[in-house]
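Hi,

Here is the structure I promised to send over.

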Amino acid sequence: MAGITEEGASGSPAPPRRASRRLIGPGIVVAATGVGAGDLVATLVAGSRYGYTLLWAAVIGCLVKISLAEAVGRWHLATGRTLFEGWRSLGRWTTGYFGVYVVVWGFVYGATAMSSSALPLAALFPDGPGLRTWAVVTGLVGLVFVWWGRYPVVEKAMAVLVGVMFVVVVYVAVRVAPDLGAVLAGLAPVLPDGSLLYSLGLVGGVGGTITMAAYGYWVNAKGWSGPGWMGVMRLDNRVAYLTTGIFVVAMLIIGAELLHSSRIALEGGDRGLVDLGEVLADRYGSATATLFLVGFFAASFSSLIGVWHGVSLLFADFATRLRRGSARVPAGGAAAAGGGAGDAEGAGAPERTTTFRAYLLWLTFPPMLLLFLDRPFGLVVAYGVLGAFFMPFLATTLLWLLNSRRTPPEWRNGPLSNTMLAAAGLLFVVLCVQQVRELPW
């Protein structure tokens with residue numbers, strides 16, 4: 001917290017020391033976006049198969065995400081540059097990879113996010129519209145909300161959704177009456193037979209997506225600019241991923257107590273959460289099941305909104321710098337996310353720029369085709385390969401950037417940061433290889 005009273009690199013004043021608590025925000029947005037229904041299912045399945053044995057992996061995963069998000073935020077605040085500007089300084093190969101990735105990923109993820117948000121709605125209203133109709137509705141609602149809402153509105157909406165997620169998941173975890181002794185025993189690092197990939201998935205998969213790269217953009221959108229905000233950013237990040245850690249532990253408890261002891265298997269994918277709702281209805285009544293489905297929707301829809309906003313900011317920065325060359329533009333300004341001196345409409349409001357809105361439309365309308373068609377084989381493979389490589393790409397490039405002259409000496413990585421980022425990079429490489437091997441070649 002040593003630099004908290006200094007002025008930022010852009011000349012913006014540092015926050016008052018006592019203002020930290022009420023300034024927390026971007027971390028909740030990135031953490032909630034990264035924890036979607038698929039992550040909750042993965043944690044639930046791990047609990048159902050191995051009980052509390054892999055709890056330690058969830059805790060380590062929380063620490064890994066804190067380290068990655070802190071590195072992203074530190075780059076933005078210490079250098080006054082966006083993350084994509086840092087990537088581009090490493091060579092043109094980063095532009096090529098990210099350009100292909102963000103287009104293919106957005107096309108497939110858009111359909112996934114809409115379907116995931118639609119599942120709990122279809123379960124809550126069985127006599128209402130079908131799953132595809134609900135999926136289209138959630139996509140359109142997300143589009144309209146992000147199209148007209150700026151970051152402060154997005155942050156408030158995400159805080160509400162996180163609150164719903166937190167209350168519901170923790171309530172259900174308490175309701176199933178966890179064995180506290182077994183919970184504490186699960187903190188000891190043990191690997192049962194066949195659990196290696198599940199443990200690696202808990203460490204690296206939950207909360208680890210492209211939206212971690214958007215954290216720095218949300219930090220700038222919040223108005224935090226310069227090293228003077230470093231302490232607030234770090235507090236924000238730790239609180240957010242501590243909240244995420246509680247989500248993960250709660251879901252592991254639900255899986256261990258409700259499914260592992262009863263040997264109940266869930267259907268694969270996001271539908272597993274609908275199955276869990278039925279199990280809860282049998283055990284604790286329809287009110288608890290309904291509450292859980294509301295929490296399921298909050299988890300899914302918060303990810304949709306976060307991606308619609310955060311990845312659109314990333315794409316806008318990518319498109320702007322591709323168009324203007326490598327000229328340095330201060331982070332947080334309009335040009336950093338798609339607007340510049342020649343773009344009066346976008347000045348001071350990245351969400352109003354053409355590039356931001358173009359990607360927002362790309363996330364919404366083309367993916368709707370996948371809701372009505374089987375996913376093309378080649379697209380599934382491309383999506384899997386590009387997605388598997390992103391987290392190793394993020395961890396490796398952060399190590400490179402934060403140990404080089406591109407970062408001011410006082411804000412470069414220390415031994416702890418280097419250890420955590422190197423461990424994260426190695427972990428994600430292992431997960432990458434496994435994901436690629438499991439693709440339907």
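Helices here are DSSP runs of H or I with at least four residues, numbered from the N terminus. Please keep in mind that this is a predicted model, where local features need pLDDT of at least 70, side-chain atom pairs count only at pLDDT 80 or more, and totals for chains, interfaces and linings use all residues. Residues are numbered from 1 along each chain as its sequence is written, and side-chain values use heavy atoms, leaving out hydrogens and water.

Let me start with the second largest pocket. Its volume is about 290 Å³. Of the 14 lining residues, S67, E70, R238, L416 and S417 are the closest to the centre. Helix 4 (55-79), helix 12 (230-260) and helix 18 (415-437) each contribute at least two residues to this lining, and helix 4 gives the most, with five.

(A pocket is an open set of points on a 1 Å grid over the protein atoms alone, where a 1.4 Å probe fits, with protein on both sides within 12 Å along at least five of seven lines; lining residues have an atom within 4 Å of a point. The volume is the space filled by probe spheres set on the points, which are joined across faces, edges and corners.)

Next, R352 sits in the loop between helix 14 (286-324) and helix 15 (354-364). The R352 side chain reaches the backbone oxygen of W148 at 3.2 Å.

Finally, G34 belongs to helix 2 (residues 26-34). G34 and T209 are 175 residues apart in sequence, yet 5.9 Å apart in space, C-alpha to C-alpha.

Best wishes

Technical notes. A polar contact is a pair of N or O atoms within 3.5 Å; within protein, one must be able to donate a hydrogen and the other to accept it, and residues adjacent in sequence count only if both atoms are side-chain atoms.
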